[in-house]
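This briefing covers selected local features of one protein model. Please read it alongside the sequence and coordinates.

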Amino acid sequence: MKEGKRKTHRICNFLLFLSFISIITNFIISILLPHNGDFMIEMISNLLLSMFIIFYTFSQITNRRNNKSTVVIASLLIIGYSLFQMATKLELVSILKLNQVEDFRDKSLVEVIEWSQKNKIKINQIYEYSDLVDEYHVIHQSKKEGTLVKNLKELDIVISEGPNPDKEIIIPDMTTWHSKRVLKYIKENKLNHVEVEFQISDKNKDTVIEQSKSGNIKRSDELKLIFSLGEEEQLEDTKLIDFTNMEEFEAIFFLKQHSIKYEIKKEFSNHIKRDAVMKQNKKMGTMVKPNDEENKVILTISKGKKIKIPDLTKYNIVEITNWAIKNKLKLEFKNQYDDSTALNKVISANYNKGDIVEQRTLITVTISKGKLVMLSFKNIDDFRIWASKNKVNYEEKYEFNTEVKEGEIISYSHKKGDTIKNSDTIIITISQGKKVTVPNLVGKTKDAAIKELKSLNLKYNFVYENSTKTKNTVIKQSLKADSEVSQNTTLTLTISNGKKPNVSNSSTQTNHSPTTTTPNNKPESCDRSKTVTVTFQSSLNGQSLSETAANYRRAYPNVKFSFVGRASSVGNNGMVHRDSTSKGSFEANSCDTYTIYIVQN
């Protein structure tokens with residue numbers, strides 16, 4: 001019995017010892033590999049837990065009456081907990097990790113693109129200047145770290161373009177400052193449009209004697225500084241320094257500081273950074289006289305690498321991003337549907353293979369969203385918005401239909417689910433409603449004309465003019481008899497006022513309906529019976545009210561239009577407003593003015 005008890009004690013003690021070792025190891029790993037949270041809080045928590053386990057272990061070893069099964073279970077749980085914590089901290093356990101958005105701040109754009117490709121998330125790149133974040137590194141992201149990727153379709157990433165060249169800086173009065181202090185200030189504040197000159201002066205040599213402006217200015221604003229060369233007798237020959245790799249501004253500053261004549265050339269370089277000196281025509285140590293025009297110093301400034309555009313259509317998004325960053329190019333991705341290019345493949349770029357560009361050039365790459373398929377639409381406005389957004393060509397046609405209400409869609413040339421090819425034009429057939437034949441109203445009385453027009457569901461308005469015809473009879477109509485129009489079309493009827501009164505009797509006769517006249521008070525010479533059919537066409541829509549107006553006036557030169565801007569929650573600027581499209585077309589003459597509303601938000 002005693003040997004069995006001892007054996008049980010040995011097993012318990014061994015498990016307690018393993019518990020002790022595991023919790024101490026976990027604590028050490030926590031110190032070496034802290035989590036992203038508050039380090040002190042995590043350490044205090046681990047320390048308290050470790051002290052409890054140590055106390056528990058020694059209490060169980062020294063307690064002879066301990067419950068063996070309790071010791072075994074507790075020890076195994078402690079060991080399991082410690083092992084799991086260690087595996088998690090060492091990133092050996094990933095089965096329980098949910099796919100989440102990472103913290104991309106200060107990380108390279110390449111890392112973000114690789115993550116987005118892996119998780120099939122669209123990345124919208126937004127470029128901003130930053131003095132604090134390195135170029136092509138992330139400043140901000142639209143979704144917080146830890147956001148589940150499951151229902152995430154796109155992520156906005158703000159990318160640093162480096163220091164803002166137009167940031168406002170407070171410029172102090174630098175008069176009497178020494179050149180070394182000025183150069184340090186210019187470099188620290190990243191001023192990029194400083195012009196310096198040196199002139200003979202009785203002021204201290206190399207000090208600022210004149211300054212063009214001070215106070216708040218942009219980094220890109222011109223700042224002129226004039227330094228003192230000292231007395232003329234102080235001018236002396238100068239030993240040239242090695243300008244290689246020196247910034248262009250600093251090199252020119254040195255040359256002007258010593259009254260050395262110079263010339264600047266620019267070339268590509270694979271080794272010297274952009275805007276730094278590549279080479280000089282005179283060696284370091286050469287003595288140069290001041291203002292010696294015949295022996296001027298020629299500096300060659302680097303334009304950076306000579307970048308030859310590869311065939312970007314053979315690259316993927318990650319490869320293009322890496323290539324752009326490596327060559328210090330600006331990068332912009334656009335997306336569009338394409339029936340001949342696979343999803344996420346490159347359709348085109350704004351530069352062709354073999355083109356030569358400089359650093360900081362903007363490269364725009366268009367990525368395929370795959371094939372575009374036809375959808376179903378509730379109304380014509382929804383279709384127009386969809387077509388405009390996806391750059392789909394379409395044409396609107398109108399025809400009479402007794403079953404489909406006026407203004408509603410009769411049919412599309414493409415069925416729902418059909419692939420829309422790049423060269424396709426979708427034909428939309430729009431109902432003009434029930435067809436009505438225009439009656440011959442000339443010679444009928446005004447009341448008879450109204451009655452007949454109402455029976456045909458046609459609208460009407462009247463103008464009056466003197467005539468030898470019987471008073472209150474129709475003498476002209478705006479639409480020809482037997483022409484076909486849709487219901488609710490408006491006809492303008494000219495009604496006779498009877499004979500024009502004699503001048504001698506004009507003081508006693510009253511014309512209750514004024515004669516239609518031109519702005520010069522001369523009777524109209526236009527013919528209302530001559531009409532033209534004006535059809536609303538998407539091809540006549542411009543980018544603005546004025547462009548659309550010009551297009552319609554060119555298409556219908558004999559029709560007088562009045563174009564009025566009207567806000568709309570649907571449709572793009574320049575489109576015919578839906579308030580104007582109850583009919584797809586209307587009959588117009590050269591006498592009246594027709595109002596068309598144009599979307600103008």
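The model is predicted.

**Helix α4**
- Helix α4 spans residues 109-119, and its buried residues are Leu-109, Val-110, Val-112, Ile-113, Trp-115, Ser-116 and Asn-119.
- An α-helix has 3.6 residues a turn, so residues three or four places apart point the same way.
- Lys-120 follows α4 and has a positive phi, near 55°.

**Sheet β20-β23-β21**
- Three strands form an open sheet in the order β20-β23-β21, and their pairing is mixed.
- The edge positions belong to β20 (393-399) and β21 (409-412); each has a single partner strand, so one side of each has no neighbour in the sheet.
- On average, neighbouring strands of this sheet are turned by 20° against each other, direction ignored.
- β21 and β23 (residues 425-431) run antiparallel and are joined by three bridges.
- Ile-409 is opposite Ile-430 of β23.
- Helix α8 (residues 380-389) lies across β20, β21 and β23, and runs at about 160° to β20.

**Thr-361**
- Thr-361 is located in the loop that links β17 (356-357) to β18 (362-368).
- Thr-361 counts as buried because its relative accessibility is 17%, and buried means under 20%.
- Apart from neighbours within four places in sequence, Thr-361 has contacts with Leu-329, Lys-330 and Tyr-351.

Methods:
Residues are numbered from 1 along each chain as its sequence is written. This is a predicted model: local features need pLDDT of at least 70, side-chain atom pairs count only at pLDDT 80 or more; totals for chains, interfaces and linings use all residues. Side-chain values use heavy atoms; hydrogens and water are left out. Helices (H or I, at least four residues) and strands (E, at least two) are DSSP runs, numbered from the N terminus. Buried means under 20% relative accessible area, exposed over 50%, partly exposed in between (1.4 Å probe, protein chains only). Contact means heavy atoms within 4.5 Å. Two strands pair if DSSP finds at least two bridges between them. Axes are lines fitted to C-alpha atoms, for helices over the stretch in contact, and angles run from 0 to 180 degrees between N-to-C directions.
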